[in-house]
Amino acid sequence: MISEALIVSAILFVIGVVGVLTRRNAIILFMCAELMLNAVNLSFVALAKMHNVTGHVFVIMVMSVAAAEAAVGLAILISVFRHFGTVDLSSLRTLRG
């Protein structure tokens, strides 16, 4: 049971990494980052169950960081969309130095 959870966690994490590396849409990047954080949460819970420790505290911390990241990221995304009219990151070159 635990090895299956770790395999699913690894698959979800790889899907998130591939999405972050290949996509240019900011919304998809945030979704892939959330997918990677949820994969880490799944592995924390699976390993905590295997070793009889409390990994749930780490899951709550990661979930709170993910919620804060989603709120701040959405606010930045709305601001960028209002200013530029798009969320495609390849067309945004203002922040490059």
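In the protein chain, residues 24 or more positions apart account for 55% of the contacts with a separation of 6 or more; a contact means heavy atoms within 4.5 Å. This is a predicted model, in which local features need pLDDT of at least 70 and side-chain atom pairs count only at pLDDT 80 or more, while totals for chains, interfaces and linings use all residues. Residues are numbered from 1 along each chain as its sequence is written, and side-chain values use heavy atoms, with hydrogens and water left out.

The protein chain has 3 helices and 0 strands, and from the N terminus on its elements run α-α-α. The radius of gyration of the protein chain is 16 Å, well over the 13 Å that the globule rule gives for 97 residues, so the chain is more spread out than a compact globule. That radius is taken over C-alpha atoms, and the globule rule is 2.2 Å times the number of residues to the power 0.38. Along its principal axes, the C-alpha trace spans about 50 × 25 × 20 Å. Helices (H or I, at least four residues) and strands (E, at least two) are DSSP runs, numbered from the N terminus.

Of the 97 residues, 23% count as buried, meaning under 20% relative accessible area, with exposed set at over 50% and partly exposed in between (1.4 Å probe, protein chains only). The chain exposes about 6,800 Å², of which carbon and sulfur atoms supply 74%. Accessible areas come from the Shrake-Rupley method with a 1.4 Å probe; for residues, only the protein chains shown count as cover.

Helix α3 covers residues 56–84; at 1.5 Å a residue its 29 residues should span 42 Å, and its end C-alpha atoms are 41 Å apart, which agrees. The expected span is 1.5 Å times one less than the number of residues. V59, V62, A66, G73 and L77 are buried in α3, and the buried residues of this helix pack against α2 (26–51). After α3 comes G85, with a positive phi near 85°.

On the surface, F44, V45, V57, F58 and M61 form a nonpolar patch with about 420 Å² of accessible area together. The elements giving two or more residues to this patch are α2 and α3, and α3 gives the most, with 3 residues. Nonpolar side chains (Val, Leu, Ile, Met, Phe, Trp, Tyr) are joined into a patch within 5 Å, like charges within 9 Å, from residues with over 30% relative accessible area and no salt bridge; a salt bridge is a side-chain nitrogen of Lys or Arg within 4 Å of a carboxyl oxygen of Asp or Glu. V45 lies in helix α2 and counts as partly exposed because its relative accessibility is 31%.
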